[in-house]
Amino acid sequence: MSTNEILDELIELLGAHAVSVGDEINPDDLHDESLHPRHTMPLAVVHPSTTNDVVAVVRWASEHGIPVTPRGSGTGLSGGATPVPGGVVVAMHRMNSLLRLDPADHVAVVQPGMTLRELGEILEPTGLRYPVYPGELSGSLGGNVNTNAGGMRAVRHGVTRHHVLGLEVVLIDGTVVRTGGPVVKVSSGYDLTQLIIGSEGTLGIVTEITLKLSPALPHAATVLVPFATLDEVTTVVPSIISEGLAPSILEYLDVLTMASVTQAAQLELGVDAGVAEKTLAYLVIVLETRTAEQLDADLIALAEHVTEHGALDVYVLPPHAATQLIEARERAFWVAKAAGAHDIIDIVVPRSRVPRFLERANALAAQYETFLVGCGHVGDGNIHLSIYQPDETRRADLLHELFRTGVEMGGAVSGEHGIGLDKQKDFLALADPVSLDLQRAIKRAFDPHHLLNPYRLLDERPMP
Ligand SMILES: Cc1cc2nc3c(=O)[nH]c(=O)nc-3n(C[C@H](O)[C@H](O)[C@H](O)COP(=O)(O)OP(=O)(O)OC[C@H]3O[C@@H](n4cnc5c(N)ncnc54)[C@H](O)[C@@H]3O)c2cc1C
């Protein structure tokens, strides 16, 4: 069959309105936000509206041996949604409806193309919320599920996998499987929901997601705490959590990152000039409670605790400045990208080992003559480092040393952005070979011909 005949078949199955080829393809559908875009051209981008559309395209692709790349909003940071030349991109944006909201059970069932922003707007009047908060609200729930997205609130609420109760997934042969359900516990067989979460589109296409919601807490305060050393910041973090203060956000920003994000947002936080002069790093802490009295008591306890641990001062931000600071922190990626960062990585280590990890990271940066700045979800040990090193070989060597250090400390190459294309080499070199063999066996059981999102994660073959 000629390529044109194969495409005609696809158009007949889905309708011309759901298939883009050649110049009709939106350039935005050809990349994610990885700092290493590949500029690959697929045979087609399809825009399904129903699970049946996804089944049809997957059966068509299987029959013709065409690689399939699922795509959410393309905000991923590791090349996970990069198209395969000659493959088909399945863009999920039209499948963005709320299918069910059960306030009594705290459950929402959504299609995977719904964005975090859309879900937040739907939930706003209900008093419920989906507490996972990856910085980029245009990201889709399907993408979040497939990267096991984390974000700022993971320190209290956990990551995507802790809030997904069930899935509907289209497998590569077009079979539809339903996993889990609208219940908070299941002890009946292998947990396929958790297996699919974080699988980066390599096991199936997620077409429906059952989410666990939580009551929104009405009282909140954002606290900014400057410290004279990075070591003090990272050392105080585990003790804040041990105090039982349960912050919902616990972020660190080194002084350069703070200066660049606040400057980009034209944000003045009112830090005393004398304090600012001595500051090398900041903690941003958000406390959320059910009552105003509890919030006041927690704020006093927090202020006393950080002061005992070397805080230069404690600022409870006015609500407007607090919102602006959290938004500015969310934009740290764009600020680093605009400043010319060559890589941004998200190693995770146990939170108590962050001080040692950063000490080692800074020593490695000096050894490789590289400029390194950072911020991160320090409450869960997830460090985001921006790396400025134009020499590719030197950068790759430094990255490998950083990843190795993180893994040796009991951590992982990526805490939340995923492996994709960008971190594949280091992930495969550092992972437990027995675990990799098992993961490859699972992949073969789901996708024996390597058609689902090939050339990334476990699949070492180079992209054609
Ligand atoms: C400014 C900025 C800040 C960010 N902050 C955070 C953060 O704090 N925490 C965090 O975790 N991430 C963060 N991210 C990364 C990104 O937002 C997340 O990885 C998000 O989960 C990606 O969702 P997406 O819809 O854009 O997915 P895409 O980029 O489209 O895809 C991501 C992966 O999921 C797969 N996929 C997508 N949809 C499906 C589906 N329906 N079925 C099967 N596979 C699918 C793709 O094949 C790909 O492998 C940030 C990104 C940016 C740009």
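These legends walk through several close-up views of a predicted model. In this model, local features need pLDDT of at least 70 and side-chain atom pairs count only at pLDDT 80 or more, while totals for chains, interfaces and linings use all residues. Residues are numbered from 1 along each chain as its sequence is written.

**View 1**
The protein chain is divided into domain 1 (3-93), domain 2 (98-215), domain 3 (219-333) and domain 4 (340-430), with bounds that come from an automatic or database domain assignment. Between the C-alpha centres of domain 1 and domain 2 there are 23 Å. Here, 16 residues of domain 1 are in contact with 20 residues of domain 2; two residues are in contact if their C-beta atoms, placed from the backbone, lie within 7 Å. On the domain 1 side that touches domain 2, α2 (51-64) and β3 (68-71) each supply at least two residues, and α2 gives the most, with six residues. By class, this side of domain 1 has six nonpolar, nine polar and one charged residues. Ala, Val, Leu, Ile, Met, Phe, Trp, Tyr, Cys and Pro count as nonpolar, Asp, Glu, Lys and Arg as charged, and the others, Gly among them, as polar.

**View 1. The four-stranded sheet with β3 at an edge.**
Follow the strands across this open sheet and you read β1-β2-β4-β3, with mixed pairing. Two strands pair if DSSP finds at least two bridges between them. The edge strands, β1 (19-20) and β3, each pair on one side only. β3 runs parallel to β4 (residues 88-91), and four bridges join the two. Within this pair, threonine 69 stands opposite valine 89 in β4. Helix α2 lies across β2 (44-46), β3 and β4, and runs at about 170 degrees to β4. For such angles, axes are lines fitted to C-alpha atoms, for helices over the stretch in contact, and values run from 0 to 180 degrees between N-to-C directions.

**View 2. The five-stranded sheet around β10.**
Here the open sheet has the order β5-β6-β10-β8-β9, with antiparallel pairing. Its edge strands are β5 (98-102) and β9 (176-180), each pairing on one side only. On average, neighbouring strands are turned by 10 degrees against each other, direction ignored. β10 (205-212) is mostly covered, with seven of its eight residues buried. A residue is buried if 20 or more other C-beta atoms lie within 10 Å of its own, exposed if 12 or fewer, and partly exposed in between, with C-beta atoms placed from the backbone. Strand β6 (residues 107-110) pairs with β10 in the antiparallel sense over four bridges, placing valine 109 opposite threonine 210 and valine 110 opposite isoleucine 209. Six bridges join β10 to strand β8 (residues 164-170), also antiparallel, and glutamate 168 stands opposite glutamate 208. Helix α2 turns up again in this view, lying across β8, β9 and β10 at about 50 degrees to β8.

**View 3. The hairpin of β8 and β9.**
β8 and β9 run antiparallel and are joined by five bridges. Leucine 167 stands opposite threonine 179 in β9. Five residues lie between the strands of the hairpin, where glycine 174 takes a positive phi near 90 degrees.

**View 4. The shell around the ligand.**
Which residues come nearest to the ligand? Of the 37 residues around it, these are Gly72, Gly76, Gly80, Gly143 and Gly201; a residue is near a molecule if its C-beta atom, placed from the backbone, lies within 6 Å of it. β3, α4 (141-147), β10 and α12 (332-338) each supply at least two residues of the shell, and α4 gives the most, with five residues. The shell divides into 11 nonpolar, 20 polar and six charged residues. The ligand lies between domain 1 and domain 2 because both give residues to the shell around it.

Aspartate 313 sits in the loop between α10 (292-308) and β15 (315-316). Is aspartate 313 buried or partly exposed? It is partly exposed, because 18 other C-beta atoms lie within 10 Å. Not counting residues up to four places away in sequence, aspartate 313 touches Pro226, Asp272 and Val275. The C-alpha atoms of aspartate 313 and alanine 276 are separated by 9.9 Å, although the two residues are 37 residues apart along the chain.
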